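Morning, everyone. One structure today, and a short talk. Please bring it up on your screens.

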Amino acid sequence: MRVSAGGILNKMNQSSILGRIEEKFSALVNETHSRPGQDTVIINKSGIVELARFLKEDNDLKFNILADLTAVDYWKKDPRFQVVYHFLSLENRFRIRVKVPVRESDCEVPTLCGLWPAANWYEREVFDMFGIKFEGHPDLRRILMYPGFEGHPLRKDYPKTRHQPIIEYRELPVHGSKNTTTYRNKK
């Protein structure tokens, strides 16, 4: 047992968190495991919003930070992708990883922007790099590549020698001072 910031004894531990998740989401959870330093839940994509809400709003858990959201490409396997979320409970000092398997034929996952505004840019990055769409996302467009970029560069089948369409040169607006790298002289 440990004392939380509020002085209340907290009986929660990492294994009991996984147990609660397995019990509450038994129909949606594919697997849980605990390896040194990281507990993991693998859940169907239809349950990600409900699980994320539970992790955030449950009074004992209080996973109040979406620390990271990314994807992994398991090329030539089915399902091909996994969307990976890392949640953090500052008060309880717990971390949990949640993985959502995604088939290439149905490459879409519900957005978490309604629960965590930080998910907005993370989801845009995953969309841009892997081509995984986030259903309900308020502004799903490229964030790292230019709009005319073809393909998704972190997919393992993306050809590394591919030539992209040439885009027109654009003049950058005049801004900054002579001491900055972005300074442009007026013509």
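Let's start with Gln-82. Set aside its neighbours within four places in sequence, and Gln-82 is in contact with Thr-70, Ala-71, Val-72, Tyr-74, Lys-99, Val-100 and Pro-101. Keep in mind that this is a predicted model.

Where does Gln-82 sit? It lies in strand β6, which covers residues 81-89. Buried or exposed? Gln-82 has a relative accessible area of 13%. The cut-off for buried is under 20%, so a residue below that counts as buried. Gln-82 is therefore buried.

Now Pro-79. This residue lies in the loop between β5, residues 65-73, and β6. Its relative accessibility is 25%, so Pro-79 counts as partly exposed. What does Pro-79 touch, not counting residues up to four places away in sequence? Tyr-74, Pro-101, Val-102 and Arg-103. One distance for you: the C-alpha atoms of Pro-79 and Ser-105 are separated by 9.1 Å. Along the chain, those two are 26 residues apart.

Next, the whole chain. How many helices and strands does it have? Three helices and nine strands. Read along the sequence, the pattern is β-β-α-β-β-α-β-β-β-β-α-β.

On burial, the chain has 187 residues, and 39% of them count as buried. On surface, the chain exposes about 11700 Å². Carbon and sulfur atoms supply 51% of that area.

Last, contact range. Take contacts between residues at least 6 apart in sequence. Of these, 48% join residues at least 24 apart.

Terms used: Residues are numbered from 1 along each chain as its sequence is written. This is a predicted model: local features need pLDDT of at least 70, side-chain atom pairs count only at pLDDT 80 or more; totals for chains, interfaces and linings use all residues. Side-chain values use heavy atoms; hydrogens and water are left out. Helices (H or I, at least four residues) and strands (E, at least two) are DSSP runs, numbered from the N terminus. Buried means under 20% relative accessible area, exposed over 50%, partly exposed in between (1.4 Å probe, protein chains only). Contact means heavy atoms within 4.5 Å. Accessible areas come from the Shrake-Rupley method with a 1.4 Å probe; for residues, only the protein chains shown count as cover.
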